[in-house]
Amino acid sequence: MAVNIDTVYQRVLAIANKEQRGFVSPQEFNLFANQAQMNIFEQYFYDYNLYNRVPGNQTEYADMIPLLEEKISIFKKRHQAVTMVNQYGDGSLPSDVYRLGTVIRYGLTGVEDSNASEAERITEEDLIYLNRSPLTKPNKIRPVFIRKDNLSIKLYPYSGTSTGDQSKTASVFIKLVVAAGGLSNSSTSVTLPDANNSDGFNNLQYVERGQLVTGAGINAGTTVSAISGTTLTLSKATTNSAQNSGDVELTFASDDVKCNYVRTPITVNWAYTNINGTPLYNSGSSINFELHKSEETNLVIKILQLAGISIGDQGLYQIAAQEDIKKTQQEKQ
């Protein structure tokens, strides 16, 4: 499905070298190739918006929306983990995110009433208005998120948000501090007074039966069996050395937050071996275009435009630009 980078380079060289227009070096070609790939890739989203505003023709091979979806689907990634980095709803997105799609808070296995919910994307201004009413305030069943930057989000509600209603909480990422004496050797009980909680209020409302517990003095595979006031009952007794003389931090299983997104295309590279001053194609080290096979002509045209500017050949640029305009008009008539 990918476009072979050597095929594109040889066509560019054949056209650029016609009538001694100029030579495009491998280094220049790689720069132009990546720029052209990103130009074509970014245009998909604008074209999708354009064609989405006009009726489709319902034909099997000529309806533009399905064709664009086919081209974009090469870069789609689904159910990718969002790493929750703290108890305040801050999450890190995968490093190759280009366009973020759906964010889903999945339920925890074995945790009562823990179901999957799609998080709605909102702005900080929206959050102010939503929080004004108990009916619209984000909750476990109806979570929301704000895009902080390219690679991070903030999910609401989070374990540092007191809702006062356990049925509306979201245990996104929970860390609780157990004060000295809160843990006992070989015991299934953990006492956690309000005053020693890291967030200054009863964070136990964010702990649910069935959640996994880890920390000093806690045996592997321990889960929460019951919750009464500020006391947790564990499924397994603590270790023989669990008695704490100082504060101990316990971590409870974070929610399984995942996202769907369109990733960034990989950087292409025409690799070569220098033989007597002549670059010879090295297929083993080269990286092909990830674009749909139908974009091969587009890539040649756009690279020629950039090459025409680089070598100062106005004629080459104009020919490539005219072909680009002609192709665009054919697609969007």
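**Helix packing and local backbone features**

Helix 2 comprises 26 residues and spans 37 Å from its first C-alpha to its last, close to the 38 Å expected at 1.5 Å a residue. The model described here is predicted. Along its course, helix 2 bends by about 25° at F45.

Two packing arrangements involve this helix. In general, a pair of packed helices is described by the angle between the axes and the distance between them. For helix 2 (residues 26-51) and helix 3 (residues 64-73), the angle is about 155° and the axes lie 10 Å apart. Because angles over 145 degrees count as roughly antiparallel, helix 2 and helix 3 are roughly antiparallel to each other. The crossing of helix 2 with helix 3 is left-handed. On the side of helix 2, the contact is formed by Y44, F45, D47, Y48 and Y51, and on the side of helix 3 by M64, I65, L68, E69, K71 and I72. Classified by type, the residues of this contact between helix 2 and helix 3 are 8 nonpolar and 3 charged, with no polar residue. F45, a residue of this contact, is also the site of the bend in helix 2.

The other arrangement pairs helix 2 with helix 1 (residues 5-16), and here the axes come within 11 Å and cross at roughly 110°. Helix 1 is therefore roughly perpendicular to helix 2. The crossing of these two helices, helix 1 and helix 2, is right-handed. Helix 1 contributes I5, V8, Y9 and V12, which meet P26, F29 and N30 of helix 2. The contact of helix 1 with helix 2 consists of 6 nonpolar residues and 1 polar residue, and no charged residue takes part. In general, residues three or four places apart in an α-helix point the same way, because the helix has 3.6 residues a turn.

H79 is located in strand 1 (residues 76-81). The phi angle of H79 is positive, at about 55°, although H79 is not a glycine. The peptide bond from Y156 to P157 is cis, with omega near -5°. P157 belongs to the loop between strand 7 (152-156) and strand 8 (174-178).

Note on methods:
Residues numbered from 1 in each chain as written. Predicted model: local features only at pLDDT ≥ 70, side-chain atom pairs only at ≥ 80, totals over all residues. Heavy atoms only, no water. Axes fitted to C-alpha atoms, helices over the stretch in contact; angles between N-to-C directions. Helix = DSSP H or I, 4+ residues; strand = E, 2+ residues; numbered from the N terminus. Parallel < 35°, antiparallel > 145°, perpendicular 65-115°, else oblique. Left-handed = near helix turned anticlockwise from the far one by under 90°. Contact = heavy atoms within 4.5 Å. Nonpolar A, V, L, I, M, F, W, Y, C, P; charged D, E, K, R; others polar. Expected span 1.5 Å × (residues − 1). Bend = angle between axes of the 7 residues up to and from the residue.
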